[in-house]
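Here are some notes for a colleague who is opening this model for the first time. Please read them with the structure in view.

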Amino acid sequence: MSDIKRLVWGCTQMICGLLVMLGGLLILLVGMQNAGMLVLIGFIVLLVGLVLLLAGYFERVRPALRENNDNK
C-alpha cells in the first residue's frame, strides 16, 4: 500500500473513531440522566472509539509518516 493511501485510510479510521467516541459520550450522558444500562453501553462504545482512533494512528498514519523521508 502506498504512503498516501495509508495516510488517507489512517485519517479516515481516526475520524471514524472520533465520531464513535462522540456517540459513546452522548450515550453515556443520556445514561447518566436515566441511570440505566446505557451508562455501561456508552462506556463500552467510548472505549471502542478510542481503540479505533489509536489503531488508526499507530497502525496506519505513524508508519506512513516515518517512511516518508522527503522532508529532509
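1. A definition comes first, for the surface patch in the next point. Patches are made of residues with over 30% relative accessible area and no salt bridge, and nonpolar side chains are joined within 5 Å. Please also keep in mind that this is a predicted model.

2. The patch itself is nonpolar and lies on the surface; its members are Ile15, Leu18, Leu19, Leu22, Leu25, Leu26, Leu29 and Met32. Together they have about 790 Å² of accessible area. One of them, Leu26, is found in helix α1, which covers residues 3-34. Leu26 has a relative accessible area of 57%, and the cut-off for exposed is over 50%, so Leu26 counts as exposed.

3. On the overall fold, the secondary structure comes to two helices and zero strands. The protein is more spread out than a compact globule, because its radius of gyration is 16 Å, well over the 11 Å that the globule rule gives for 72 residues. Along the principal axes, the C-alpha atoms fill a box of roughly 55 × 20 × 15 Å.

4. How much of the protein counts as buried? Of its 72 residues, the share is 18%. The protein exposes about 5,300 Å², and 71% of that area is supplied by carbon and sulfur atoms.

5. Contacts across the sequence deserve a separate point. Taking contacts between residues at least 6 apart in sequence, 68% join residues at least 24 apart. The next two points give examples.

6. Gln13 is found in helix α1 and counts as buried, at 14% relative accessibility. What does Gln13 contact, leaving aside its neighbours within four places in sequence? The residues are Leu52, Ala55, Gly56 and Arg60. Of these, Ala55 lies in helix α2, residues 38-67, and is partly exposed at 26% relative accessibility. With neighbours within four places again left aside, Ala55 is in contact with Gln13 and Arg60. The C-alpha atoms of Ala55 and Met14 are separated by 7.9 Å, although these residues are 41 apart along the chain.

7. Ala64 also has its place in helix α2. Is Ala64 buried or exposed? Its relative accessible area is 1%, so Ala64 is buried. Not counting residues up to four places away in sequence, Ala64 touches Asp3, Arg6 and Leu7. Between Ala64 and Leu7 the C-alpha distance is 6.3 Å, while the separation in sequence is 57 residues.

8. The last point concerns the cysteines. The structure holds zero disulfides. Cys11 is in no disulfide, and the nearest cysteine sulfur, that of Cys16, is 11 Å away. Cys11 counts as partly exposed, at 37% relative accessibility. Cys16 is partly exposed too, with a relative accessible area of 37%.

Conventions. Residues are numbered from 1 along each chain as its sequence is written. This is a predicted model: local features need pLDDT of at least 70, side-chain atom pairs count only at pLDDT 80 or more; totals for chains, interfaces and linings use all residues. Side-chain values use heavy atoms; hydrogens and water are left out. Patches are made of residues with over 30% relative accessible area and no salt bridge: like charges are joined within 9 Å, nonpolar side chains (Val, Leu, Ile, Met, Phe, Trp, Tyr) within 5 Å. Accessible areas come from the Shrake-Rupley method with a 1.4 Å probe; for residues, only the protein chains shown count as cover. A salt bridge is a side-chain nitrogen of Lys or Arg within 4 Å of a carboxyl oxygen of Asp or Glu. Helices (H or I, at least four residues) and strands (E, at least two) are DSSP runs, numbered from the N terminus. Buried means under 20% relative accessible area, exposed over 50%, partly exposed in between (1.4 Å probe, protein chains only). The radius of gyration is taken over C-alpha atoms; the globule rule is 2.2 Å times the number of residues to the power 0.38. Contact means heavy atoms within 4.5 Å. A disulfide is a pair of cysteine sulfur atoms within 2.5 Å.
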